[in-house]
Amino acid sequence: MRAQETDTVAELGMRDRKKARTRETIRTAALDLFEEQGFERTTVDQICRRADVAHRTFFRYYATKEALLFGLDFGRTVLDALAAAPAGLSLWEAFEHALAATDGRMEEAAEHTTRRRTLRREFLEIKSVHDYALILVDTLGRRAAEVAAERLGVDPHTDLRPLAFGAMLAGMIRRHVLIGSEHGGGLSDWADAYQDVLRPTR
């Protein structure tokens, strides 16, 4: 690798680390404020002041205040693993492969995850948080249908299987978000339950 290329890689690595630190600073400031004074009383202005960042920096990392109660890649890790599963697998086999690769986690396993999940449960009755959760579930369901259609090589407008898969996954995620995995199992448990329901009985 030439010196110029090495410098470019190093610069990109440093930039990524700086972005990660900024994101963590904003997230920590927000979670601290949510715990201290509640979600509704906490404003983006206050989060920016606590994190010492400008408004435009905040919105570069988080589209809304509600987004801070969810992981950055909430649900997307499983869908990325589904899309990347070996091509020879059936859709359900690819889904099982994705669950195994991610341990069925909807959120990254990070130090702040349990803290954020606790706050999310506490604030879910707030309309803006509840609405954000439903929008997120719907978005992930639509993305799951797109991935399923790509894997099956079909048009979801004429083949219902991708939409059925997306609806199934959205149902799993909805329960995880609105009720919590500790009250009914994680994605792997739900996948097993779906298999039991759909498997023909003798």
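**Entry 1: order of elements**

I followed the elements from the N terminus and read α-α-α-α-α-α-α-α-α. I noted that the model is a predicted one. My tally for the protein is nine helices and zero strands.

Of the 202 residues in the protein, 39% are buried. I also looked up how far apart in sequence the contacting residues lie. Taking contacts between residues at least 6 apart in sequence, I found that 64% join residues at least 24 apart.

**Entry 2: the nonpolar core**

I looked next for the largest nonpolar core and found that it has 53 residues. Which residues have the most contacts inside it? They are I26, F34, L82 and F95. Helix 7, residues 127-152, gives the most to this core, namely eight residues. I recorded a general point beside this: in soluble globular proteins, nonpolar side chains tend to be buried together.

Leaving out residues up to four places away in sequence, I listed what F34 touches: F39, T42, I47, K65, L68, L69, L119 and F123.

**Entry 3: helix 4 against helix 5**

I turned to helix 4, residues 76-84, and its packing with helix 5. The angle between the two is about 130°, and their axes are 8 Å apart. Helix 4 is therefore oblique to helix 5. The crossing of helix 4 and helix 5 is right-handed.

I wrote down the residues that meet. From helix 4 they are T77, V78, A81 and L82; from helix 5 they are L91, A94, F95, H97, A98, L99 and T102. L82 and F95 are also among the residues with the most contacts inside the largest nonpolar core.

**Entry 4: helix 5 against helix 9**

I then examined helix 5 (residues 91-102) with helix 9 (residues 187-198). How are these two helices oriented to each other? They pack at an angle of about 155°, with axes 10 Å apart. Angles over 145 degrees count as roughly antiparallel, so helix 5 and helix 9 are roughly antiparallel to each other. Their crossing is left-handed.

On the helix 5 side I listed W92, F95, E96 and L99, which meet L187, S188, A191, Y194 and Q195 of helix 9. I noted that F95 and L99 take part here, and that F95 and L99 also meet helix 4.

I located A145 in helix 7. Is A145 buried or exposed? Its relative accessible area is 7%, so A145 is buried. Apart from neighbours within four places in sequence, A145 is in contact with P162, L163 and G166.

I also checked A145 against R161. The two are 16 residues apart in sequence, and their C-alpha atoms are 8.3 Å apart in space.

**Entry 5: two aspartates in loops**

I looked up D159 and found it in the loop between helix 7 and helix 8, the latter being residues 161-178. D159 is buried because its relative accessible area is 16%, and the cut-off for buried is under 20%. The side chain of D159 makes a polar contact with the side chain of R161 at 2.8 Å.

I looked up D52 as well, which is in the loop between helix 2 (44-51) and helix 3 (55-61). D52 has a relative accessibility of 70%, so D52 counts as exposed. I noted its phi, near 60°, as a positive value in a residue other than glycine.

Methods
Residues are numbered from 1 along each chain as its sequence is written. This is a predicted model: local features need pLDDT of at least 70, side-chain atom pairs count only at pLDDT 80 or more; totals for chains, interfaces and linings use all residues. Side-chain values use heavy atoms; hydrogens and water are left out. A nonpolar core is a set of buried Ala, Val, Leu, Ile, Met, Phe, Trp, Tyr and Cys residues joined through side-chain atoms within 4.5 Å. Buried means under 20% relative accessible area, exposed over 50%, partly exposed in between (1.4 Å probe, protein chains only). Helices (H or I, at least four residues) and strands (E, at least two) are DSSP runs, numbered from the N terminus. Contact means heavy atoms within 4.5 Å. A polar contact is a pair of N or O atoms within 3.5 Å; within protein, one must be able to donate a hydrogen and the other to accept it, and residues adjacent in sequence count only if both atoms are side-chain atoms. Axes are lines fitted to C-alpha atoms, for helices over the stretch in contact, and angles run from 0 to 180 degrees between N-to-C directions. Angles under 35 degrees count as roughly parallel, over 145 as roughly antiparallel, 65 to 115 as roughly perpendicular and the rest as oblique. A crossing is left-handed if the near helix is turned anticlockwise from the far one by less than a right angle, and right-handed if clockwise.
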